[in-house]
Amino acid sequence: MTKQVTLTIDGKQITVPEGMLVVNAAKLADIDVPVFCYHPKMEPVGMCRMCLVEIGRPMMDRTTGKAILDDKSEPKLQFGPKLETACTNPVSEGMVVLTQSEKAKVGQKSTVEFLLTSHPLDCPICDKGGECPLQNLTMAHGPGKSRFLYDEKLHLAKNVPLGELIYLDRERCIQCARCIRFQDEVAGDSVLGFEERGRSMQIISLSEPGFDSVFSGNTTDICPVGALTTADFRFGARPWELSSSASICTQCPVGCNITLNTRREAMADGKIVIKRVMPRQNEEVNEIWICDKGRFAYHYAESMERLSKPHIRKKAGTDGRSERTSQRASWEAATKLAGEGFAKAKNNLMVLASGRLSNEDLFNLKALTDQVGGKAVLYSNMGGGGLTSLVGVGHGTNLGELGSPLQGKIGSTIVVMASDLYEEAPVWYLRVKQAAQRGATLIVANPRETKLDRYASFVVRYAYGDEVKTAQVLTKKGKIGDAFIKAENAVILFGSEGLGLEASTALATACARALNDTGHVGKPNNGLIGVWPRANDQGAWEIGFHPEVDLQAAFDKAEAVYIVGADPFGDGALKIKSGRRKPFIVVQDLFETETAKLADVLLPAQAYTEREGTFTSGERRVQRFYQAVPALEGTKADFAITSQVAKQMGVILEGTSASVVFDILAADNLSYAGLNYSRLSEVEPQWPIVGRSDLYYGGTTYANKQGLGVHLTTAAQRGEKVSLPRIQKTIVLRPKEKKLLAVPVTKLYDRGITVSSSRLLDGRIGEAFVALHPNTAEKFGVITGQHVTLNLDGASEEVVVKVDDTISTGIALVPRSMGLPISGPTEVSLKAVRKAAVK
Ligand code: SF4
Ligand code: SF4
Ligand code: FES
């Protein structure tokens, strides 16, 4: 237990852990010391002098080592001749701090006055106006009147792009370096720096492309003035015009807590629209951060292309495309036709749903499937979700605790297998990096270099195909095995880099067995985590959806197919084979996707911003999202549509209230037992305090008042007997002489519908590419920047060549969701279409 010390701040006595900074002790005593450069998530630097206070320390008798007492037998205090910074001084026993003495007030006032000497004071047109620490601190601690002349202010550039996402207003910058330190210390992307000196000193981007970090948006939250703004929100609205709704990011399995700021918008015909996505504090999930994908890729829900009416195809063509007579229909007619088709198909119904859907949607879909005796299929190429229900991380897990010295004698070990967390789940990347920096042992195993390697105690390189063998090393004697076996806590995050469904299932099984065999299951901070492609894949597994090894065969066999929240035809995962009978297809989605074009019945669904529900994160934390904007007219929530279809079949499923559907799910599924919407909405005090009333700490991050979510239990945690399957042997493809083996990798910014609708991210999505080792490129006669046609499983796509010497020879890395239907390792050929554009 950390030693406690007692001190007095402005007459209030408080006992806090030894070593805490005065500024934080004051916050705990409900006293706000004004700060600019200090931020509790970063090391203090004492740069701005805003936090000046008087500090008195007990005088000590050097001979006895005891405090010298005054006439009243109180310890005599010695105050320093100068004011001290509350953000760099740690507390000590008997310390007395005066934050509001005349001397302290003069110091604070002088600092504000100095900072304002060249500040433009353009609050009326500044994006930060209304939620700006400088504004607030000037009101609370400033001089009220400036002695400086406006005309003598230094005028600097106001519209400097640091990259295409973040803009700098040089005049507003107070040179606190929070943005630079965030990038260096928190994000680990040192892409910002200072240039020039004195008042002209300015923030510059050191990277090409500009501000090259997937965490860049966070700097706009913690910048204490309006110097950094996002290209998305700048000049978009005033903070006081905005309403806030709690939500969960749907872009990856981390489940970052977010706030959607909305406003009625004249430019959107008076509709209420989302103006920005902001982080919402959840110290066990995303702390106070989100990545740029989560912040900027939300525009798809507002797209003009949204479906708003059910459609039915009067007479289907034989190949599914001809005689396209899809017509608008009433909900009654469309759901009746769907219900009739499903009832007729009976156990030849396949329900194909994705982890884009909420738990409530998936539960109703599964209930309908079971009623008919059909098959519930998860649209995914990654396996192992059944194992996370058994030996996943369970109740009480907090990656933020791993690596802390309190975590036992031998500490914690985190293994990241076959995943590039920076690209696949950026906030997990931050959490794992921090755990390693705190002292956790990090083992990163991947066939190529990833950004996380820098923080790893052990980097394991293996050949694509050797994933299972590599996971088995964890339980064998040796340096890596010892670090894993002897660890007090061990967590494995497994992904699907280079793997298809069967191989990723085999890898998950090997990881689950390694954890089980070494006793790292059934307790908090231990177990398996899937780095899933979609936000609620874990929820889908828990509810009983499983991917099909041969999706095409399952489709061909089905008499009716209900496809919800997925575009398998657009992705190239399914084809209508010529001469084959097309099954009866019902599609439920937001857009008229390639799959929707084939539908006999098309049902328009609501976006997650238009309704409420829950998602289960990859860490198996169930979290609520709330309605932020009115639903697009004519659409319904997925669970409600399924209920209406079921009703047409004589099956009663809850279709009005998402919370009631969740109650039924919780009563039906052991992992969710005891949960309900009010439990999920519970909050407890978090540190640091990010109340937006003071703005000193979290910047514009929102405090969490709407729920921290609850972890599901695992079978191991419930004390059930866990029997893990054997590791299935899979066919392993290896690169052959003169042949190229393509393996799938995940890229953060891809061409998925939820990302590509956000025009702002076009530059980050870039062109579809194939990455090769320089020797492989040479062997195939291509160079970097050259356009080639890549032929893969009968599909061909023009892609640009990238050369990367960290890739194995004979391998072609092909990003998922960039136009090529890659579901696992496969042989490909490439052909140059024109000469290289870039040398
Ligand atoms: S841009 Fe903002 S965060 Fe960065 S140094 Fe300037 S004031 Fe501080
Ligand atoms: S890390 Fe994942 S969940 Fe968090 S903001 Fe980014 S995409 Fe969203
Ligand atoms: S010196 Fe303490 S907040 Fe800047």
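This report walks through helix contacts, nonpolar cores and some backbone details of a predicted model.

## Helix 2 and helix 3

Let's begin with a pair of helices. Helix 2 covers residues 102-115 and helix 3 covers residues 133-141; their axes come within 10 Å and cross at roughly 135°. The two helices are therefore oblique to each other, and helix 2 passes helix 3 in a left-handed crossing.

Sorted by class, the contact of helix 2 with helix 3 has 2 nonpolar, 3 polar and 1 charged residues.

## Helix 8 and helix 18

Helix 8 (residues 359-372) packs on helix 18 (residues 658-668) at an angle of about 65°, and the axes are 9 Å apart. The crossing of helix 8 and helix 18 is left-handed.

From helix 8, the contact takes in N359, E360, F363 and N364. Helix 18 brings A658, V661, F662, I664, L665 and D668. By class, the contact of helix 8 with helix 18 divides into 6 nonpolar, 2 polar and 2 charged residues.

## The nonpolar cores

The largest nonpolar core holds 197 residues. Within this core, F342, M417, L442, F545 and Y562 touch the most other members.

Leaving out residues up to four places away in sequence, Y562 touches F342, L349, M350, V351, L352, L365, L368, V586, Q588, I641, T642 and V645. Another core, of 24 residues, lies apart from the largest one, and V23, V33, I55 and C87 are among its members.

## Two cis peptide bonds

Most peptide bonds are trans. Here, though, are two that are worth checking in your viewer. The bond from E208 to P209 is cis, with omega near 0°. P209 sits in the loop between strand 10 (202-205) and helix 5 (218-222).

The bond from W687 to P688 is also cis, with omega near 5°. You will find P688 in the loop that runs between helix 19 (677-680) and strand 29 (710-711).

Most residues other than glycine have a negative phi. A418 has a positive phi, near 55°, and is not a glycine. This alanine lies in the loop between strand 19 (412-417) and helix 10 (421-424). Because its relative accessible area is 0%, under the 20% cut-off, A418 is buried.

S817, another residue other than glycine, likewise has a positive phi, near 55°. Its place is in the loop between strand 34 (811-815) and strand 35 (826-834). With a relative accessibility of 41%, which falls between 20% and 50%, S817 counts as partly exposed.

## A buried glycine in a loop

Our last stop is G785, located in the loop between helix 22 (774-779) and strand 32 (787-792). Is G785 buried or exposed? Its relative accessibility is 8%, so G785 counts as buried.

How far is G785 from I689 in space? The C-alpha atoms of G785 and I689 are 48 Å apart, and the two residues are 96 residues apart in sequence.

Definitions and conventions
Residues are numbered from 1 along each chain as its sequence is written. Chains are lettered from A and ligands numbered from 1 in the order in which they are written. This is a predicted model: local features need pLDDT of at least 70, side-chain atom pairs count only at pLDDT 80 or more; totals for chains, interfaces and linings use all residues. Side-chain values use heavy atoms; hydrogens and water are left out. Axes are lines fitted to C-alpha atoms, for helices over the stretch in contact, and angles run from 0 to 180 degrees between N-to-C directions. Helices (H or I, at least four residues) and strands (E, at least two) are DSSP runs, numbered from the N terminus. Angles under 35 degrees count as roughly parallel, over 145 as roughly antiparallel, 65 to 115 as roughly perpendicular and the rest as oblique. A crossing is left-handed if the near helix is turned anticlockwise from the far one by less than a right angle, and right-handed if clockwise. Ala, Val, Leu, Ile, Met, Phe, Trp, Tyr, Cys and Pro count as nonpolar, Asp, Glu, Lys and Arg as charged, and the others, Gly among them, as polar. A nonpolar core is a set of buried Ala, Val, Leu, Ile, Met, Phe, Trp, Tyr and Cys residues joined through side-chain atoms within 4.5 Å. Buried means under 20% relative accessible area, exposed over 50%, partly exposed in between (1.4 Å probe, protein chains only). Contact means heavy atoms within 4.5 Å.
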